[in-house]
Amino acid sequence: MVRLTLDRVTFWYPATKAPALRDVSLDVAAGEVVALVGTVGAGTSTLLLVAADLAPRVIGGRLEGRVHFEAPEEASGGRRIVLPTPWTQVSGMAFTVWDEVAFGPANLGWSREEIARHVDRALAKLGIAHLASREPAALSGGELQRVMIAGILAMDPGLLLLDEPTAELDPAGARILWQLVRELARGGAGVLVATSDSDAIPEFADRVIWLELGRVAAAGAPALVADEALCAAELGTTVADTWRMAGLAAPYPATVADAVRRWPAR
Amino acid sequence: MAGSLTPALRLETVSFSYGVVRALVDVSLALAPGERVALLGRNGAGKSTLMRLITGLIQPAGGTVWVGDWDTRHRTPEALARSGRVGCVFQHAEQQLFGRTVRDDVSFGPRVAGVPAPEATRRVERALRALELERHAEEHPYDLPPAFRKLAALAGAFALEPALLVLDEPTSGLDRALRMRVTRALLERSVAGVTVLVITHDLTFAAETVERALVLDSGRLMLDGPLPALLGDAARLESLGLALPPVAALSAALGLPGRPTRQVDAARALARVAAGRPVP
Ligand SMILES: Nc1ncnc2c1ncn2[C@@H]1O[C@H](COP(=O)(O)OP(=O)(O)O)[C@@H](O)[C@H]1O
Ligand SMILES: [Mg+2]
């Protein structure tokens with residue numbers, strides 16, 4: 001079974017005095033989707049880099065505490081990250097979208113058939129099968145973001161780490177992505193996702209972790225995104241925030257459906 | 001400079017293809033001075049292509065693009081920007097900063113446009129203030145989180161003080177507080193007579209910021225009209241690949257009078273209905 005554990009992690013970027021993460025403990029288990037929220041600079045991207053074993057191993061810096069990742073023995077099933085900047089993650093070595101998506105799986109020692117099956121499935125899931133023979137460099141921003149997500153999915157990650165995965169996606173793309181995340185979790189993967197789209201959180205997350213200034217400020221059920229403190233930090237859902245702005249009593253509804261349940265018939 | 005009756009932007013049956021990919025087909029539209037407009041549509045609909053045409057980076061295969069009184073076909077992108085007719089921020093502009101400090105980057109446009117020093121300094125300060133970046137002015141852009149780099153890129157376009165601002169996805173990766181900051185800054189610019197065209201998928205941001213919507217689908221302009229009306233039509237939104245944003249969805253679901261689409265208006269309506277008072 002997949003499991004990621006951070007135990008009292010403090011992390012400093014190279015040549016900085018103030019840590020970007022302070023005493024962070026959390027875990028993500030198989031089958032679970034955990035959403036990370038925080039204002040810009042709170043540390044959500046850093047936390048994902050640490051979880052992906054890129055910080056400090058690749059980008060440098062210093063870490064105190066313990067990061068532990070457990071996964072089955074297979075070549076796939078590892079931890080994979082989708083960066084918020086898809087164009088920096090392009091291999092630059094593929095002439096077609098199909099090859100770009102195959103790039104990761106090709107390094108897992110799979111047979112040709114197995115690679116092809118995974119690539120075709122990932123392209124279909126992201127709704128970009130029609131782009132298979134296009135050149136990655138000549139795609140629109142949102143199309144490229146879908147391609148990069150497909151490339152990660154095609155590797156069957158055990159732990160999927162996503163940083164603002166819907167930043168460039170249209171509403172249909174965002175819906176597909178959140179459904180995929182749930183589907184992966186049902187299949188036994190763990191998912192940790194940083195998003196500034198609080199409105200989407202109730203539809204896909206099992207738990208929410210709120211980071212402020214590198215620390216865990218609160219953690220709990222998805223209803224946390226309707227919490228007074230989160231709303232005050234501009235991190236609540238639009239519906240909760242509107243309720244609060246109207247001066248109506250807490251607890252605030254997180255979603256339109258919650259609001260309808262709360263609203264007496266008039 | 002163009003008189004106030006000349007549209008800030010006018011497209012006449014504009015088409016463009018990348019090889020066999022038809023990115024825009026027969027698009028016609030006009031934006032008046034001071035108008036705030038959102039350009040909406042699915043991934044790959046042609047939005048960024050339209051922006052490249054407006055900034056003169058590419059030329060239409062058919063039709064004409066007028067920026068103010070200039071036909072882009074006879075102008076370079078540099079001349080268009082320098083003339084003060086258009087300023088733009090591309091989709092990944094936060095990757096294109098190169099100054100040693102944020103202030104350096106923001107100053108680049110006015111300097112290249114040949115704005116005299118005292119006036120250039122005033123513009124840079126106004127732009128930094130509009131986006132509340134004074135505190136970060138002396139920092140290296142790459143020491144800032146991407147969201148702040150994005151604001152710095154926006155400030156760079158502001159500092160040109162162009163008649164038309166065109167922004168591609170200005171809010172992606174921004175948290176709500178920063179999105180509201182962008183909204184405030186754009187409303188200010190528009191009051192000063194600047195035409196604002198924003199490409200966005202964020203209809204919550206659009207509802208707070210603009211009054212009119214243009215929707216592209218497969219390169220064709222499928223809709224041109226008031227944004228609140230579009231947000232009141234869930235079926236139409238769906239057919240254009242858009243989704244009902246939460247405020248409009250809340251207004252509809254609770255039957256709020258006037259179906260407000262901006263958050264303050266919805267909050268006001270909610271408060272009044274909850275208190276049993278009629279809504280004016
Ligand atoms: N440099 C390019 N070369 C070839 N095709 C491109 C290029 N840029 C965009 N396209 C294609 O043109 C269409 C419109 O793209 P774009 O204007 O970027 O869409 P949007 O900004 O609405 O997402 C898409 O099909 C896209 O794949
Ligand atoms: Mg685009």
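How much area do chain B and chain A bury between them? The figure is about 3,200 Å². Carbon and sulfur atoms account for 64% of it. Buried area here is the accessible area (1.4 Å probe) that two parts lose on being put together, summed over both. Three residues stand out on the chain B side: N43(B), R176(B) and Q263(B). They supply 20% of the area that chain B buries against chain A, more than any other three residues.

A word on the model itself. It is predicted, so local features need pLDDT of at least 70 and side-chain atom pairs count only at pLDDT 80 or more, while totals for chains, interfaces and linings use all residues. Residues are numbered from 1 along each chain as its sequence is written, chains are lettered from A and ligands numbered from 1 in the order in which they are written, and side-chain values use heavy atoms, with hydrogens and water left out.

Now go back to the interface. There, 42 residues of chain B are in contact with 36 residues of chain A; contact means heavy atoms within 4.5 Å. The rule finds 3 salt bridges across this interface. A salt bridge is a side-chain nitrogen of Lys or Arg within 4 Å of a carboxyl oxygen of Asp or Glu.

Which elements of chain B give two or more residues to the side that touches chain A? They are α5 (146-159), α6 (176-191), α10 (246-254) and α11 (263-274). Helices (H or I, at least four residues) and strands (E, at least two) are DSSP runs, numbered from the N terminus. The largest share, 8 residues, comes from α11(B). By class, this side of chain B has 24 nonpolar, 11 polar and 7 charged residues. Ala, Val, Leu, Ile, Met, Phe, Trp, Tyr, Cys and Pro count as nonpolar, Asp, Glu, Lys and Arg as charged, and the others, Gly among them, as polar.

Next comes ligand 1. Residues from chains A and B surround ligand 1, so the site is shared between chains. There are 16 residues around it, each with a heavy atom within 4 Å. R134(A), E143(A), G44(B), K47(B) and T49(B) come nearest. An oxygen atom of ligand 1 is 2.6 Å from an N or O atom in the side chain of R134(A). For the side chain of T49(B), the corresponding distance is 2.5 Å. At S48(B), a polar backbone atom is 2.8 Å from a ligand oxygen. Taken alone, ligand 1 exposes 560 Å², and the protein buries 85% of that; these accessible areas come from the Shrake-Rupley method with a 1.4 Å probe, and for residues only the protein chains shown count as cover. In chain B, β2 (21-31) and α1 (47-54) each give two or more residues to the shell. The most come from α1(B), with 4 residues. The shell has 5 nonpolar, 6 polar and 5 charged residues.

Finally, look over the whole structure and then at chain A. A search over all chains finds 34 salt bridges. One joins the side chains of D27(A) and R3(A), at 2.5 Å from N to O. This pair links distant parts of the chain, 24 residues apart: D27(A) is in strand β2 (residues 21-29) and R3(A) is in strand β1 (residues 3-12). The peptide bond from A55(A) to P56(A) is cis. P56(A) is in the loop between α1 (44-51) and β4 (62-70) of chain A.

Terms used: Polar contact = N/O pair within 3.5 Å; in protein donor to acceptor, adjacent residues only side chain to side chain.
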